[in-house]
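Dear colleague,

Please find below the structure that I am handing over to you. My notes on what was found in it follow directly after.

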Amino acid sequence: MAARKPPVFTTATTFGRLLTFLGVSVLCGVLTAGLFVPMAAGAGSAASASITFFDGLPADLERATLAQPTRILASDDSLIATLYEENRQPVTLDQISPHMVDALLSVEDYRYYEHGGVDVQGIFGAIASNVSSGTKRGASTITQQFVTNVLANGARERGEEAVLNGSKNVSDKVREVRLAIAVENEMSKEEILEGYLNIVSFTGDTYGVQAAAKYLFNVDAKDLNIEQSALLAGLVKGPSAYDPLVYPEAALERRNLVLGTMLEHGKIDQAQYDAAVATGMDLNITPTLNGCVAAEQAPYFCSYVEHLVLNSEEFGDTPEERSSVLYRSGLTIKTTLDPAVQQAAQDAVNETANPDTTAGQVGHSMISLQPGTGNILSMAQNTRFIPGENAGDSMLNFNVDQYQDGDPSKSLGGIGGFQPGSTFKPFTVAAWVDAGKSLGTQLDGRKKTYPMGDRWTASCLDGGAYVEGAANGWTPQNYGDTNYGDATVLHGLAQSLNTITFSTAKQLDLCRIMEIAESMGVHNGKSASGQEEPLSVKPSALIGGVEDVSPMAMAQAFAGFAAEGNVCEPRALVEVTDARGKTYEVPEPECEQVISKETARGVNYATQEVMKSGSGSLLNYGFQPMAGKTGTNDSRSQTWFIGYNSGMATASWIGNWKAGNESLSGLEIGGRLYPEIDGSLIAAPSWARFMQQAGSLYPGEPFADPPGNLLMNPNPSPTPSESDEAEESEEEETAPKPSATAVPRPTKETPTPPAAPSQPAVEPTAPESPEAEAGGAVTPSPGAAP
């Protein structure tokens, strides 16, 4: 058996406890000096709600800013979300109920106004109590507790572990006493008390009396009654041990103990005490919801803004510093989001593909940008922004890239985009018009095979050409394997004829087409090389059959067409300030004229024709002139519609986000099953629903016509567009040839088209051609919707 220690040295004995406590006091040499420090006189000016009471404290007391929640606001100042590590709402002392002050001082430091930071009488009272009863009654004053909380707050701000009561060593206690005495010399009693009531933890992540009053009772701190004040005052000793939600009996017992001290020290009379102890806790739990998962609106936009701040060195040199700024410094982040547009987008997305009635792998997103500014007006998505594996739950943002600027250290929380399909075709038209060629030019749209070795001009590639490498060549086809006749460039885009797109590109430089797309913001949405990577230069890229592009990038490009070639970087942040009034720099609108106005006008003329005679012709979206383009990838797993005018550009996407190459066919979408799907079947009508609500908010001006030479047909005869090596298919298809020598001018106002069903089961009469990738295309079954 081990030898027992002499009882005199055992802290569990009476004498041992006395020696231990006195030993600590002796080590605190500053204690004696502090006992005679004159009490701070006069009521100092109360600290402001931005909490500046640290100014003027000794250097030993680290001057950390109190953590406060960040608010993300929409353009009309409505709340998007609140983000915080510590839920705190600082208030001044005159905004706190006198009952709260009385309750706190009664139970924690009733001699508060009689000591100079360290209470000698309280120390010896604690010694006597501990010696006689074996309890662990403390003797820390409000000032000492304030110091402890300030030091802990500073540690948390630096990402360090806070030293709290119960884990302090002798050195920590010495420092606490010395700083408490110094604080009493620098601050008034009122300033210390105000600081304490704003910094102390009450329960969970709720700090400060105002946040605690709102959380537990849904009242302001100034309106706390006697029993509410007593409950809150009782919590500061042990926020977890006396949590009224977890341990209601302990919380009630502690509250009544506080009421007893208030009676003992004359803060309430017997009648008030009797009435208070007879009440229940009467909680009215009203949490301040935290994070984008609890956003009031636009959770995916909230997440995008959150990532922008965490990625920007404007908010700190390190990720840890930026995180501290975002979650602790009380930022007010004003954004570009328009709540009315956002609501319209979310309504349309939910009506089309509600997660409760839609297969889990089917995603639907919609994003709108303002031409000329790049302002993000809305960012909607059909999934629920919560973590988990349940169908319809996803934290991934379908609208944005995976990484900001292709930097893998700067996540945007995005999925990285999808194959854009035929929405890429306007860039070929842009290159055609940019070369001075007319939209009225008739081209050979017959079905052709581009054999192995066939060359496409591509000045940026080795040898100045892209060379077909497939052994059997490449035979792109139109939707339904039909419509293989001569057509103008304009008609080819309106009807989304793949063969016309390739005939157009065969007379151009592939690199110029891809250069225009890149200059307008189109890039690989999964770029991870440290920069935004352009799409591959190959014929299949002309129909969006290569890398994935985010809906934001596509909306940016079409907004550039709408602004007559003036392309703006997408912009979410308008103004950012912190609780102390510091302003952070955010990007101003950043726009550049990347193609000529004439080129953009030519594209807008063509995309308006899509809405007149093509896949958008039966959409019921309103009266204003609109332009647009549908898109579907080869496997029919990704479908698009991008509609725009000079006031707003919107990308509507619906596709398989979990298995990007598996078709949407046969999957439940909004409670319905579709045998085959393309961009005009669901994505486009969803956009039309959106426009019925939001179109009048950003009506824009009618598009200007391009110069006349870009509209006339310079050669009524078909223009050979393939190389000599291109071979006609064995089965020759014909189609009526346009005989007009000029492209009809669009009217300034589009007549109201017939209303389309909310979820059409069949495609409108002007079908879209699905996109064929290199090696051939899928031939739809007869009668299927394109």
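In this predicted model, five strands form an open sheet of mixed pairing, in the order 2-1-5-14-15. Helices (H or I, at least four residues) and strands (E, at least two) are DSSP runs, numbered from the N terminus, and two strands pair if DSSP finds at least two bridges between them. Strand 2 (79-83) and strand 15 (583-584) each have a single partner strand, so one side of each is left without a neighbour in the sheet. Packed on the sheet is helix 12 (residues 299-311), which touches strand 1, strand 2, strand 5 and strand 14 (573-577). Contact here means heavy atoms within 4.5 Å. The direction of helix 12 makes about 50° with that of strand 2; axes are lines fitted to C-alpha atoms, for helices over the stretch in contact, and angles run from 0 to 180 degrees between N-to-C directions.

Since the model is predicted, local features need pLDDT of at least 70 and side-chain atom pairs count only at pLDDT 80 or more, while totals for chains, interfaces and linings use all residues; side-chain values use heavy atoms, with hydrogens and water left out.

Within the sheet, strand 1 (residues 70-73) runs parallel to strand 5 (residues 332-335), and three bridges join them. Strand 1 runs antiparallel to strand 2, with four bridges between them. Arg71 has a bridge partner on each of these strands: Thr332 in strand 5 and Thr82 in strand 2. Strand 1 and strand 2 form a hairpin with five residues between the strands, where Asp77 takes a positive phi near 75°. Four of the five residues of strand 2 are buried, so this strand is largely enclosed by the rest of the structure. Buried means under 20% relative accessible area, exposed over 50%, and partly exposed in between (1.4 Å probe, protein chains only).

Strand 19 (residues 649-656) is also largely enclosed by the rest of the structure, because eight of its eight residues are buried. Ala649, Ala651, Trp653 and Gly655 point one way from strand 19, and Thr650, Ser652, Ile654 and Asn656 point the other way. Eight bridges join strand 19 to strand 6 (residues 362-369) in the antiparallel sense, with His364 opposite Ile654. Strand 18 (residues 638-644) pairs with strand 19 over seven bridges, again antiparallel, and Gly643 stands opposite Thr650. Four residues lie between strand 18 and strand 19 in their hairpin.

Next come the contacts of helix 3. The axes of helix 3 (residues 98-108) and helix 10 (residues 248-264) come within 8 Å and cross at roughly 90°. That makes the two helices roughly perpendicular (angles under 35 degrees count as roughly parallel, over 145 as roughly antiparallel, 65 to 115 as roughly perpendicular and the rest as oblique). Among the residues that meet are His99, Asp102 and Glu108 in helix 3 and Arg254 and Leu257 in helix 10. By class, the contact of helix 3 with helix 10 has five nonpolar, three polar and three charged residues. Here Ala, Val, Leu, Ile, Met, Phe, Trp, Tyr, Cys and Pro count as nonpolar, Asp, Glu, Lys and Arg as charged, and the others, Gly among them, as polar.

Helix 3 also packs with helix 7 (residues 189-199) at an angle of about 90°, with the axes 12 Å apart. The contact is made by Met100, Val101, Leu104 and Leu105 of helix 3 and Leu193, Tyr196 and Leu197 of helix 7. By class, this contact has seven nonpolar, no polar and no charged residues.

Asn399 lies in the loop between strand 7 (376-381) and helix 15 (425-434). Asn399 is buried, with a relative accessible area of 0%. The side chain of Asn399 reaches the backbone oxygen of Ala380 at 3.2 Å.

Finally, the protein chain has 21 helices and 22 strands. Of its 786 residues, 56% count as buried.

With kind regards

Note on methods: Residues are numbered from 1 along each chain as its sequence is written. A polar contact is a pair of N or O atoms within 3.5 Å; within protein, one must be able to donate a hydrogen and the other to accept it, and residues adjacent in sequence count only if both atoms are side-chain atoms.
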